[in-house]
Amino acid sequence: MIDVLGSPVYGDITVGEVIFSVVVMALSVLLAKSVTIYLRRIIGDRMEKNYRELILKLIYYLIILVGFITILPVLGLNPSGLLVAGGITGIVIGFASQSVVSNLISGIFILWEKPIKIGDQVQVGGISGFVEDINVMSTIIRTYDGLFVRIPNQTLFTGNITNYTGNVVRRFEYRIGIRYSDDAERAVEVIRKVIDEEPFALKNPAPAVFVDELGDNAVMVSVKIWAPVQVWYDVKMRLLQKIRAELERNGIEIPFPQRVVWFANELELKDIQRKGESISP
Amino acid sequence: MKYIYLRESKLGKTEKIISSNDGNIVINPIEPVNLPSCITNFLLIQFKKSTVIAPDFEERVFVKFPIEIGVFVSGSGDIELIDVFSLAEQKYTLYGDPRNGIVCRYWESEIYDSPSDVDPLREGIMELRIVNRFDEWVEISKCVLNVYLMKIFYNDTTVFSKVEMEVSSKRSAETRFLMEPLSRDMKKAVEIFPPRKVQIVAKRFFMEWGL
């Protein structure tokens, strides 16, 4: 057994030393995982998820890096020599794997610039959803349909990012048509009352309710409401139904599309109708 | 042992099963930012009439603030909030701009010289000590408070909280809660944001987007 462990693998490096290195690396990974799990539990919700995950990732990779540097001399590799060789190798690898490096650099810039953070609702390159994770190479989006989408950081960094939750509040709008025969002022009053009763329809910036357009079939009332980003979609869904119900309760109806047709030869038509009535038994 | 907690009113119905051998139900006023759901920890009190304060002047006034009622179970270990309800109207507003501002629970109040009569199940009395440290006249129309570390005291007739507002310029001030009841018979309410559960314990809030 001792002979096996002492037998050389390459140069002066023995099987025992290789096994030792593997065990140290395995322990480093295990330790890194344990430490991050423990810290995640300790930190909990005390820190914003975005920063918490970034710090945990840094700690995770730092522990693994320490383990890796520890085994280098055991494997007969000189870390200082690696640094020199690393410079040249880095250039070679950089050219060979341009997109990988590009994603890496983009990832670092995204983490630094913070246009998005974990939990945000974003649209990137036509994909909308929640930011699940921001890694060094890619960003994970969970779409509203629950799909897992991995976006390379280079695409994310160079593309247009719409962060729906980047600000603390956001505005949404309804356009509600009422009949020409309805009292538009009364309709505005009714809508304002419904908005006032909704807690998350913000008092300031004040909601705007006004007659916006005299349309073909209806008087169009524009309703613009600000709500906190956390709940804006719930408010949007809830409020429209309440406005519709309250308008109907007050006798104000949303009209169907309609067109009034005037016949230029109305008299002739009446003559034809009269003749038809006299012919019929 | 299993118990049923049931609250039924026009506000809605809440039913929970409580499994415990011993324990108590505690009901008291809590920080008014939980309904309809907790999205902020700030309360903005809008004065119906703004007050103008002379340089280096100190004023003591009273305003009203909304009440939410919390139901807790307590026993061995921690205390746990199981239900919140309120008879006060709920409304929220933005203080500041949409990019950097904060969403606040909104409440309008007159300014009173002495504690006024209120329905203690709906409103509380807040003593507001306004100190103008600025060397010019300042007009104040609102007070924004971070309800983390809000101290609420209550007895059978009154719910009370005390706040200090230090004005530092025409557009900025600092607010903080003080640990002082209105009278000695008042009990301190159980807080739902005790310091150890709060991410960052900010003892003061800096009103930087206008008074």
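**A strand with two partners, and what surrounds it**

Author: In chain B, β4(B) and β9(B) run parallel and are joined by 5 bridges. The model is a predicted one. β4(B) covers residues 42–53, and β9(B) covers residues 102–109.

The bridge partner of B:Thr93 in β9(B) is B:Cys104. β8(B) and β9(B) make up a hairpin, with 6 residues between the two strands. In the turn, B:Gly96 has a positive phi of about 105°.

What lies on either side of β8(B)? Both of its faces are covered. B:Tyr92 and B:Leu94 are buried on one side, and B:Thr93 and B:Tyr95 are buried on the other. B:Thr93, then, is both a buried residue and the bridge partner of B:Cys104.

β4(B) has a further partner, β11(B), residues 138–146, with which it pairs in the antiparallel sense over 8 bridges. In that pairing B:Gln46 stands opposite B:Lys142.

The contact takes 15 residues from each of chain B and chain A. On the chain B side, the elements that give two or more residues are β8(B), residues 92–95, and β9(B), residues 102–109. By class, that side has 8 nonpolar, 5 polar and 2 charged residues.

Elsewhere in chain B there is an open sheet of 3 strands, in the order β3-β6-β7, with antiparallel pairing. β3(B), residues 24–30, and β7(B), residues 80–85, are its edges; each has a single partner strand, so one side of each is left without a neighbour in the sheet. On average, neighbouring strands of this sheet are turned by 25° against each other, direction ignored. β3(B) pairs with β6(B), residues 68–74, over 7 bridges, and B:Val26 stands opposite B:Phe72 in β6(B).

Now to the other side of the contact. Chain A has 9 helices and 10 strands, and 17% of its 281 residues are buried. Of the contacts in chain A between residues at least 6 apart in sequence, 64% join residues at least 24 apart.

Chain A too has an open sheet of 3 strands, in the order β8-β10-β9, paired antiparallel. Its edges are β8(A), residues 169–178, and β9(A), residues 208–214; each has a single partner strand, so one side of each has no neighbour in the sheet. β8(A) and β10(A), residues 219–228, are joined by 10 bridges, and the bridge partner of A:Gly177 in β10(A) is A:Met220. Two helices pack here. α7(A) lies across β8, β9 and β10 of chain A and runs at about 15° to β10(A). α8(A) touches β8 and β10 of chain A, and its direction makes about 20° with that of β8(A).

The axes of α7(A), residues 184–197, and α8(A), residues 232–249, come within 9 Å and cross at roughly 135°, which makes the two helices oblique. The crossing is right-handed. From α7(A), A:Ala187, A:Val190, A:Ile191 and A:Val194 meet residues of α8(A), among them A:Leu239, A:Ile243 and A:Leu247. The residues of this contact divide into 7 nonpolar, no polar and 2 charged.

A last point in chain A is A:Thr139, in β5(A), residues 138–143. Is A:Thr139 buried or exposed? It is buried, because 26 other C-beta atoms lie within 10 Å and the cut-off is 20 or more. Beyond four places in sequence, A:Thr139 touches A:Val131, A:Ile134, A:Ile151, A:Asn153 and A:Leu156.

Note on methods. Residues are numbered from 1 along each chain as its sequence is written. Chains are lettered from A and ligands numbered from 1 in the order in which they are written. This is a predicted model: local features need pLDDT of at least 70, side-chain atom pairs count only at pLDDT 80 or more; totals for chains, interfaces and linings use all residues. Helices (H or I, at least four residues) and strands (E, at least two) are DSSP runs, numbered from the N terminus. A residue is buried if 20 or more other C-beta atoms lie within 10 Å of its own, exposed if 12 or fewer, and partly exposed in between; C-beta atoms are placed from the backbone. Two residues are in contact if their C-beta atoms, placed from the backbone, lie within 7 Å. Two strands pair if DSSP finds at least two bridges between them. Axes are lines fitted to C-alpha atoms, for helices over the stretch in contact, and angles run from 0 to 180 degrees between N-to-C directions. Ala, Val, Leu, Ile, Met, Phe, Trp, Tyr, Cys and Pro count as nonpolar, Asp, Glu, Lys and Arg as charged, and the others, Gly among them, as polar. Angles under 35 degrees count as roughly parallel, over 145 as roughly antiparallel, 65 to 115 as roughly perpendicular and the rest as oblique. A crossing is left-handed if the near helix is turned anticlockwise from the far one by less than a right angle, and right-handed if clockwise.
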